[in-house]
Amino acid sequence: MRRERLRVCGNEAVGPYALVRLGRGGLEPGVPGQFFMLEAPGRPLPRPFSLCTAPPGELGFLVEPLGPGTTTIAELGVGDEIHVTGPLGHGFDLDVKRPLLVGGGIGVAPFPYLSDRLGAPPAILGFRTAFHAEAAALVPNATVVLDPVLVTDALPADPGAVLACGPEPMLDVLAQLVPGPQLAREAPMACGYGACYGCIVERAGRYVRLCLEGPVVRGGTHGSPTSPFLQGTPTRDRVGAPAGQSPAPPAKEHVSDDASSSTVVG
Amino acid sequence: MSVPILNASGCLDALAAPEVARSLDVFVTKTITPEPREGNPPVRIAETEHGMLNSIGLQGPGIDAFVADHLPRLGTLGVDLWVSVGGFAAPDFTRCCALLDDEPTVAAIELNLSCPNVEEAPETAAELVSAARAATKKPLYAKLSPAQWDVAASARAVVDAGADGLSLVNTIRGLVLDALTLRPRLARAIGGYSGEPIRPIALACVHACATAVDVPIVGMGGVAAGLHALELVAAGASAVALGTILFSDPLAPGRVREELRSEAAARGFENALAARSIAVAGFEKSLQIASNSTA
């Protein structure tokens, strides 16, 4: 496990998101779908982000500013420095035939690096608005759908090997529709390396830590359920929830704003 | 003589992050219960402005699987090992401690008498310590809650019951509401509050107990830097544990150890332990915590 203080070398707006680029230092980019814990200046806990871009010497993260933590990261300026730990967890299995990337909202975050490593396979990306969909420009060979059209509406009859990241409901539906998809899940997470037991998801009736078992898992692992106090939050609110980074289910997004508990990976 | 740096129980998995465990002087396991436990449903953690709440609920393999599967692997780490034990009644503590008593890799047992996220045992802390004491010769550290009016009285009671040391403090119950919905952010609403805001509470508990009993104290609660550790030592701790800081900084043990050394030196102390109890009037003690070599 490596942790270094990295310097911001760029921060560009991509629709409502910020693409925060850090000098790589001695950190490796890892496998697409792995994640990094980024210090959120002024907050007690770091936030998990999957790697978005990996140009030589850099690590790029797509950030949706939703709460104090993600906002402070999205507002980092060139020359600022933050501690970064990673890469962590298990990424996508790249040994697949006919890959198809399926993403929703901030769930496109791991796809630029993933697409690069897979040779620009086709992608289907769903967004809330055309403004959010500006992030699709980061992913080559992408078909874009906007609410109320869902990515699952746009799936081909024979989708091939699906690699997906996005809102939990989207991933749950994909797990039903597609055999053996690779799903980048998300869960509230304090540490990212198995210490806190916060990021549990349910698999075969057991709670497992997503940071160690995932964040990329096969179908059959169920996303971290929302607090029972929060059930009943309109599903629609969940669509477009940040998956590449923080507050997953927007219920939680508001809950903690990203304040934490809603920090997720994907 | 240096001040040993431990992890707070439940804040590190040595099998998932062995290099972090090896950077400690003692690794303390997550609390082990007699039976396997899935723990509490999510959402389990929530950040606050300056700390966090957790409601994990003692997720773990149970003592039998722990002894059979986890303990042999923990024994190869090359770091002193304490096992944290918990339960819901005195026989739970008896059973766990009896099973650990013959394990040479276990240097000490910490009794979690104060988990804020599960039902409390009906017995008093002292009765639970007595039950554990009867089952093992291992050094016993009683981990107490800061949420009591007279923690010193509790310290006296558990020491009288056979505790060899104290771990101070556990988390303290807290509640965080979502600003928009005004609903609890944790599935079980209440969680254990930890991090920098509880540091003065931990200091007060260590200070109170250091004047009340003559046993080693592992101080913990909001330690994020060497100065925080030195303050706990000044209040009477002879070892310091790191909790929440490990989540944001896995390299904290080495950093805090180095900072502790330099903070002590900057104040003219030969070593950090020389500052022990100077915040406690008229009190002199120098007791070492248990290690494999002394167990």
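A: Leaving aside its neighbours within four places in sequence, A:G91 is in contact with A:G30, A:V31, A:P32, A:G33, A:Q34 and A:V216. Two residues are in contact if their C-beta atoms, placed from the backbone, lie within 7 Å. Before we go on, note that this is a predicted model: local features need pLDDT of at least 70, side-chain atom pairs count only at pLDDT 80 or more, and totals for chains, interfaces and linings use all residues. Residues are numbered from 1 along each chain as its sequence is written, while chains are lettered from A and ligands numbered from 1 in the order in which they are written.

Q: Where does A:G91 lie in the chain, and is A:G91 buried or exposed?

A: A residue is buried if 20 or more other C-beta atoms lie within 10 Å of its own, exposed if 12 or fewer, and partly exposed in between, with C-beta atoms placed from the backbone. A:G91 has 25 other C-beta atoms within 10 Å, so A:G91 is buried. A:G91 is found in the loop between strand 6 (81-88) and strand 7 of chain A. Helices (H or I, at least four residues) and strands (E, at least two) are DSSP runs, numbered from the N terminus.

Q: How do I read a sheet, and what is the strand order of the open sheet of six strands in chain A?

A: Start with pairing: two strands pair if DSSP finds at least two bridges between them. In chain A the six strands follow the order 9-8-7-10-11-14, with mixed pairing. Strand 9 (142-146) and strand 14 (216-218) of chain A are the edge strands, each pairing on one side only. On average, neighbouring strands of this sheet are turned by 20 degrees against each other, direction ignored. For such angles, axes are lines fitted to C-alpha atoms, for helices over the stretch in contact, and angles run from 0 to 180 degrees between N-to-C directions.

Q: Which strands of this sheet does helix 2 of chain A touch?

A: Helix 2 (residues 111-118) of chain A packs on the sheet and touches strand 7 (99-104), strand 8 (123-127) and strand 10 of chain A. The direction of helix 2 makes about 175 degrees with that of strand 7 of chain A. Within the sheet, strand 10 (residues 161-165) and strand 11 (residues 182-184) of chain A run parallel and are joined by three bridges. There, A:A164 stands opposite A:L183 in strand 11 of chain A.

Q: Now chain B, please. Which residues of strand 8 of chain B lie on each side?

A: In a regular strand the side chains alternate between the two faces of the sheet. In strand 8 (residues 165-168) of chain B, B:G165 and B:S167 are on one side, B:L166 and B:L168 are on the other, and all are buried. Strand 8 pairs with strand 7 (residues 140-144) of chain B in the parallel sense over four bridges, and B:A142 stands opposite B:L166. Strand 8 also pairs in the parallel sense with strand 11 (residues 217-220) of chain B, over three bridges; B:S167 has B:V218 as its bridge partner there.

Q: Which residues have the most contacts inside the largest nonpolar core?

A: In soluble globular proteins, nonpolar side chains tend to be buried together. A nonpolar core is a set of buried Ala, Val, Leu, Ile, Met, Phe, Trp, Tyr and Cys residues joined through C-beta atoms within 7 Å. The largest one here has 174 residues, and those with the most contacts inside it are B:I109, B:L111, B:A142, B:V206, B:C209, B:V233 and B:V240. Helix 6 (residues 199-212) of chain B gives the most to this core, with seven residues.

Q: Why is helix 7 of chain B described as largely enclosed?

A: Eight of the nine residues of helix 7 (residues 226-234) of chain B are buried, so the rest of the structure largely encloses this helix. Its cover includes helix 6, strand 11, strand 12 (239-242) and helix 9 (252-266) of chain B. Just after helix 7 of chain B, B:G236 takes a positive phi of about 130 degrees.

Q: Finally, how many residues of chain A are in contact with chain B?

A: There are 34 residues of chain A in contact with 36 residues of chain B. On the side of chain A that touches chain B, the largest share, three residues, comes from helix 6 of chain A.
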